[in-house]
Amino acid sequence: LALMATAAFLPPAPVLRPRIPTARYRASPICAAASDAPPPDADTDEGEAPRGGRKDRRRVVRIAWEKLVRWSRSWRSRNRSDVLETTRKVVVLGGGSFGTAMAAQVAAKKPDLEVAMLLRDDLVCRSINDRHVNSKYLSEYSLPENIVATTSASEALAGADFCFHAVPVQFILSWEYFIIC
């Protein structure tokens, strides 16, 4: 009776499974669309004699792989839209050297894109709008004509498709107050 009681509380004994030889099975690629080649196990038998259903399995795997590659090619060709084609306005929070460089890079990619920079310093804001130069940071570079600087958060963020954050970590709390007010 005591043996049956202890057997009821003990976990079942582990079932030993035979090990799969590693030379025969390889890991499949992580991204199926990365390679148009079939999986390594699909066509090669690596010196083993074919067994009963092995050829059928390889054929099924090869057909499934070819379908996946065809689907991937058609999906990629349909979804080749460029994000910049549909974007009308981008906002960059921060007018330091990183924010200015980011705004200049985005503005140079598409000339009819409105790039708004949200700044705290009114002097730098006027410098960017009047002369297209950030007088405090990167003063030796001229900025594209489609960059507009403002100190008003509501004006900058109105109608924006994307917003880039280029404010240094040590100034984030003061920016929260700036944007809320």
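Biologist: Hi! Let's start simple: how many helices and strands are there in the protein chain?

Modeller: Hello! The protein chain has eight helices and four strands. Keep in mind that we are looking at a predicted model.

Biologist: And what pattern do they follow along the sequence?

Modeller: Reading along the sequence, you get α-α-α-α-β-α-β-α-β-α-β-α.

Biologist: What share of the residues counts as buried?

Modeller: Of the 181 residues in the protein chain, 27% count as buried. The chain exposes about 13100 Å², and carbon and sulfur atoms supply 60% of that area.

Biologist: What about contacts between residues at least 6 apart in sequence: what percentage join residues at least 24 apart?

Modeller: That would be 66% of those contacts in the protein chain.

Biologist: Let's go inside. Which residues of the largest nonpolar core touch the most other members?

Modeller: Those are Val115, Met117, Leu119, Ile128 and Ile147, in a core of 18 residues. At least two residues of this core come from each of β1 (89-93), α5 (97-109), β2 (114-118), α6 and β3. The largest share, five residues, comes from α5.

Biologist: Now the surface. Which residues make the nonpolar patch there?

Modeller: Leu68, Trp71 and Trp75 make a nonpolar surface patch of about 330 Å². Trp75 sits in helix α3, which covers residues 54-78.

Biologist: Why does Trp75 count as partly exposed?

Modeller: Trp75 counts as partly exposed because its relative accessibility is 42%, and that class runs between the 20% limit for buried and the 50% limit for exposed.

Biologist: Got it. New topic: how many salt bridges does a search of the whole structure find?

Modeller: The search finds four salt bridges. One that we can look at joins the side chains of Glu66 and Arg62, with 3.9 Å from N to O.

Biologist: How far apart are Glu66 and Arg62 along helix α3?

Modeller: They are four residues apart, so about one helical turn separates Glu66 from Arg62 in helix α3. Glu66 is partly exposed at 37% relative accessible area, and Arg62 is partly exposed at 30%.

Biologist: What about Asp122 and Arg126?

Modeller: Their side chains also meet in a salt bridge, at 3.5 Å from N to O. Asp122 and Arg126 both lie in helix α6, four residues apart, or about one turn of the helix. Asp122 has a relative accessible area of 41%, so it is partly exposed. Arg126, at 45%, counts as partly exposed too.

Biologist: Which distant parts of the chain does the Lys89 and Glu114 pair link?

Modeller: The side chains of Lys89 and Glu114 meet in a salt bridge of 3.9 Å, N to O. That pair links strand β1, which holds Lys89, with strand β2, which holds Glu114, and the two residues are 25 residues apart.

Biologist: Are those two buried or partly exposed?

Modeller: Lys89 counts as buried, with 6% relative accessibility, whereas Glu114 counts as partly exposed at 36%.

Biologist: Let's switch to Asn134. Where does Asn134 lie?

Modeller: Asn134 lies in the loop between α6 (122-131) and β3 (147-150). Asn134 is buried, with a relative accessible area of 0%.

Biologist: What does the side chain of Asn134 reach?

Modeller: A polar contact of 2.6 Å joins it to the side chain of Thr100. The Asn134 side chain also reaches the backbone nitrogen of Lys136 at 3.2 Å.

Biologist: And which residues does Asn134 touch, leaving out those up to four places away in sequence?

Modeller: Among them are Gly95, Gly96, Val124, Ser127, Ile128, Ser139 and Leu143.

Biologist: Last one: how far apart in space are Gln105 and Pro144?

Modeller: Their C-alpha atoms are 9.0 Å apart, while in sequence the two residues are 39 residues apart. Gln105 is in helix α5 and counts as partly exposed, at 48% relative accessibility.

Definitions and conventions:
Residues are numbered from 1 along each chain as its sequence is written. This is a predicted model: local features need pLDDT of at least 70, side-chain atom pairs count only at pLDDT 80 or more; totals for chains, interfaces and linings use all residues. Side-chain values use heavy atoms; hydrogens and water are left out. Patches are made of residues with over 30% relative accessible area and no salt bridge: like charges are joined within 9 Å, nonpolar side chains (Val, Leu, Ile, Met, Phe, Trp, Tyr) within 5 Å. Accessible areas come from the Shrake-Rupley method with a 1.4 Å probe; for residues, only the protein chains shown count as cover. Buried means under 20% relative accessible area, exposed over 50%, partly exposed in between (1.4 Å probe, protein chains only). A polar contact is a pair of N or O atoms within 3.5 Å; within protein, one must be able to donate a hydrogen and the other to accept it, and residues adjacent in sequence count only if both atoms are side-chain atoms. Contact means heavy atoms within 4.5 Å. A nonpolar core is a set of buried Ala, Val, Leu, Ile, Met, Phe, Trp, Tyr and Cys residues joined through side-chain atoms within 4.5 Å.
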